[in-house]
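Me: I would like to go through the labels put on this model and ask what each one rests on. Please set the value against the cut-off each time.

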Amino acid sequence: MSINPYSLLRFNQESYSLEEMVENFETLTHLPLWPLYFLLRNGTARDIALALPKLDSKQREFIFDLDLWKKQDFDLENYEKWIEILYISQNEEIIKEFTQHPHFLVYLRGRLNIYTHNIEHPVYPNSDDFFITDDFCYLVEYDKDYKLAEELKFFLTVFYSARGVEAAQALLMEVVNESFFQLQENAYKVKKSRLDETGYVDFYDALENKKILKIKEIETFILSKFTKKYLLTVEEKLGTDIRVLETSRDGNDIHNEIRNEISKIENEKIINFLPTDYIRTINANFVLNESFQKIEGELQADSEKVQSFITLGFDYIITNYTEKLSTDSLFEFFSFKDLEHIGRSLVLGQIHKMKTVLKNFDFSHDDDFLGDFFKIFLQDIFELDVKFKYKDVLQLISNVKIYKVFYQKSQLLIDLSALMKQFKNEISNYKEITYLNYRFEDLDFEGLFLTRYIKHCLGLDNKLSYGMEINEFKKYIKEKNPSKENHIKDFIQEFELDIIENLEMYLSELCIDHFSHLEKDDLAEEDYKFVSGVLLTSAE
């Protein structure tokens, strides 16, 4: 079977619910591990209990290893969910399998008090919230609100049966003598070793690639990768379940280019490495963002964001370093992890710069004073999971063309922030002025800036106040093209703003957004109170 290493992860459970799969399939062993996990996570306790016997031991082990931990911490609460599910199943073989894992001892130590019990000289707690193990050697005490006493008794009986009395007693003695944290660390190491084979990335391993590179660091990083074909030294990854990669992606230029680069690869080590590398790159971000605890739609959004970083990193290298690739495949120098790191650094590095500048000038991303041009842009970026409106479509920053527009707009905000702060400080001097179309608390940078621009076009004194009379504004609308380039250039040069790139574009778009409809419509006097982008006052 041919595997495309770049095919994307999919979590739609092949159009079946867990209930339907349990009813219609005698076995679920054909399901890849990762889609299986998301399928089970969305099922009811009854359906999960019915599904577990249809899985093989490797699948069940994977589910438990993934679901019972939050980062490096054992999830006691979630463990009890699985006790209830397994008890519903009444499948002793699966319960036996469950209690053989080190996490069973971690749970006993973390949730209960276990003491050695001397049948000849017994010591009992002051409450009735306890029971004695079947061999009469241990006393298990639990909180008065503990609801799983019967289930736990059954699990311990199975535990003794599976281990044998002497081995079970020795393990329970570990629970008595060892600290919770030591048992947790031991279980974590075993779990981590198993999950490494499936493409799962440990939380601390994922943190290694979290650093955001600055632009110069990105260039240094890329150039360093071209010094050697480092993937040729990578050991083959064996035992990885790569069936999860079998789904397809609708083609576009960048994805076709990625497939083309993959098709150039002749070295089997690289071919064997890339599927694992891709899965681990996706999963590393899932681990950092705790995506495995999210609902399916949010999980898919996280996956798409990581994929957009990969395609952006790929396009950035292809666009800027083509001469260094020659006839070699890009994947002889760069892994999917590298591409994601580059793309993420490009986008999140610029976002971090915006956040820093806004904070330094006492602005927030939803500050009304910024005006709609920047406020909508920032809300999309910060609140819609790093999406950006490109050609009127809200989308992820997945290629260099989109990134260039995003960079220009974000850099413009950064460059204008000082001027915005200056304007905001100055308007406190004009609290007594009454405007027809603005309340004082609604004044924003767009209105202040455009008013100065219009007064410049009309040759009016900009120093008297920010406002202008309706008749003056009418004259501007009738005689001037609101976005005429030469007027904008003159204004920028006169006020020495030419060091700010893309300011012409900004002013032009503001004029069109606020005034283009006024060129065609002859407004009645009372309708000017609804005009935006200019501060209008009554004639004195």
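This is a predicted model: local features need pLDDT of at least 70, side-chain atom pairs count only at pLDDT 80 or more; totals for chains, interfaces and linings use all residues.

Me: What makes the pair Asp 67 and Lys 81 a salt bridge?

Reply: The N to O distance between the two side chains is 3.1 Å. The cut-off is 4 Å between a side-chain nitrogen of Lys or Arg and a carboxyl oxygen of Asp or Glu, so the pair qualifies. Asp 67 belongs to helix 4 (residues 57-67) and Lys 81 to helix 5 (residues 76-89), and the two are 14 residues apart.

Me: Why is Asp 67 called buried, and why is Lys 81 called partly exposed?

Reply: Asp 67 has a relative accessible area of 8%. Buried means under 20%, so Asp 67 is buried. Lys 81 stands at 31%, and partly exposed covers the range between buried and exposed, the latter being over 50%, so Lys 81 is partly exposed.

Me: How do you know that Lys 70 and Asp 75 form a salt bridge?

Reply: Their closest N and O atoms are 4.0 Å apart. The limit is within 4 Å, and the pair is counted as a salt bridge.

Me: How many salt bridges does a search of the whole structure find?

Reply: The search finds 21. There is also a network of salt bridges that links Glu 61, Asp 65 and Arg 194.

Me: Which residues of helix 6 are buried, and what do they pack against?

Reply: In helix 6 (residues 92-99), Ile 94, Ile 95, Glu 97, Phe 98 and Thr 99 are buried. The buried residues of this helix pack against helix 4, helix 5, helix 7 and helix 8 (149-163).

Me: What makes the approach of Asn 91 to Glu 93 a polar contact?

Reply: At the start of helix 6, a side-chain oxygen of Asn 91 comes within 3.1 Å of the backbone nitrogen of Glu 93. The cut-off for N or O atoms is 3.5 Å, so the distance meets it.

Conventions. Residues are numbered from 1 along each chain as its sequence is written. Side-chain values use heavy atoms; hydrogens and water are left out. Helices (H or I, at least four residues) and strands (E, at least two) are DSSP runs, numbered from the N terminus. Buried means under 20% relative accessible area, exposed over 50%, partly exposed in between (1.4 Å probe, protein chains only). Contact means heavy atoms within 4.5 Å. A polar contact is a pair of N or O atoms within 3.5 Å; within protein, one must be able to donate a hydrogen and the other to accept it, and residues adjacent in sequence count only if both atoms are side-chain atoms.
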